[in-house]
Amino acid sequence: MRYRTLGRVAFAPSALGFGAMRLPVLADESAGAAAPRRIDEEAATAMLRRAVEAGVNYVDTAYVYHDGESEPWLGRALRQVAGELFGPADQGLAELRRRVKVATKLPVWKLERNDDPERLLSEQLERLQLDSIDFYLLHGLGAGSLAKLREHDVLGWAERALADGRIAHLGFSFHDEYPLFEELVDATDLWEFCQIQYNYMDQEYQAGTRGLEYAAAKGLGVIVMEPVRGGQLARRPPQAVAALWAAANARREASGLAARTPVDWALQWVWNHPEVSFLLSGMSSLAQLDENIVSAECAGPGALDDDDLETCRRVRDAYLELNPIPCTGCRYCLPCPSGVDIPKVLDIYNEAEIYGGGPAAARFAYGWVSESERAELCKQCGACQELCPQKIAIVDWLEKIQQYLAVGK
Ligand code: SF4
Ligand code: SF4
């Protein structure tokens, strides 16, 4: 395992972190498709053990992952793995805790009262069976978060939790536009790290490369999530992309190097950035974990040469050219008088088609769109179409997308 740095924190994180948000789940035939799937604890705990044995030293969960079951699972799994690897009871756990850091997140959007952060942290410590959290993140900060943090004095509360030792390091995770990211980084000196979505497709999306460089320059550790875009870059690539990877792999093999999988290319692209502290992978099987561990053995800035980076650029362009709807995300069509977030809805369709996820993936993404921004609200007034520089038939597409979302339901 390779180890990296995390801003000013005196801790050398493994290049690969264990994300506990897509753990293996049990097949439950009797439950409906929409029912939450229970974690396959035996398989998930075996994965955690394998990761620790391979030198992974950072495990990331959150209050809401797996409908609230990820934290309690991790509490049990840490004790089991500690007992198996480092000896019984508190002694084994202490050794595991010395080697492996635990991160979890405060669901900021659930805060309604000033004592909610305290209540939630107490509950999290109980779920995790720990008396302190190594890395604590304010989860998914975005528009409106700063006002909420001020309204409930969350940073004042966090400062007290840091002082009494229940939190060792404070950070935040982010899923919004770049200008807000900068504002958040500058909002307090308490941050020691942040967590952003970053991969070769999302260089200008959310925090993006600018955010990575900005936070790193301010001395924050930057943890990357979604390095394979929630699995999209791990699927069998379309023909145009597969041809580019094949050409790059042929070049590697001619030099006596092993071919890379699409997942390995995506991970190496992230690790190639010196500003990245490490990446989190939400793995769902031992096979995925093993593949990521092998990749992490040769992770590091400089692992990709100029030709490799050019291939990644061309792969990105090839994916983007596959967009069925040529929306550039310019937002000139907004605001829609009915509230429809037109580019967001079009993007969901594009992504489902480009990465091969189909209607099921689109439905999952659509579940995150607020009801006040959905395609169903379109009154077909046509105002947006006149403003669109790409001359997209928005009304027709919104109708088509609604039909698409219903396929196979
Ligand atoms: S056509 Fe639909 S999406 Fe476009 S502005 Fe009118 S209501 Fe909004
Ligand atoms: S104006 Fe056209 S290209 Fe721009 S975001 Fe709206 S639909 Fe997309």
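Me: What angle do H3 and H4 cross at?
Reply: Roughly 100 degrees, and the axes of H3 (residues 70-86) and H4 (residues 89-99) come within 8 Å. Axes are lines fitted to C-alpha atoms over the stretch in contact, and angles run from 0 to 180 degrees between N-to-C directions.

Me: Which residues make the contact?
Reply: From H3, Leu78, Arg79, Val81, Ala82, Gly83, Leu85 and Phe86; from H4, Gly92, Leu93, Glu95 and Leu96. Contact means C-beta atoms, placed from the backbone, within 7 Å. By class, there are 7 nonpolar, 2 polar and 2 charged residues. Ala, Val, Leu, Ile, Met, Phe, Trp, Tyr, Cys and Pro count as nonpolar, Asp, Glu, Lys and Arg as charged, and the others, Gly among them, as polar.

Me: Before I go on, what should I know about the model itself?
Reply: It's a predicted model, where local features need pLDDT of at least 70 and side-chain atom pairs count only at pLDDT 80 or more, while totals for chains, interfaces and linings use all residues. Residues are numbered from 1 along each chain as its sequence is written, and chains are lettered from A and ligands numbered from 1 in the order in which they are written.

Me: OK, ligands. Which residues come nearest to ligand 1?
Reply: Cys336, Ser338, Cys378, Cys381 and Cys384, out of 14 around ligand 1 (near means a C-beta atom, placed from the backbone, within 6 Å). Helix H16 (383-387) and helix H17 (394-406) each give two or more residues to that shell.

Me: And which are closest to ligand 2?
Reply: Cys327, Cys330, Cys333, Pro343 and Cys388, with 15 residues surrounding ligand 2. Helix H14 (residues 342-354) gives the most, 3 residues.

Me: Switching topic, what are the domains?
Reply: The domain assignment, which is automatic or from a database, gives domain 1 (16-313) and domain 2 (342-406). Their centres, taken over C-alpha atoms, are 29 Å apart.

Conventions. Helix = DSSP H or I, 4+ residues; strand = E, 2+ residues; numbered from the N terminus. Contact = placed C-beta atoms within 7 Å.
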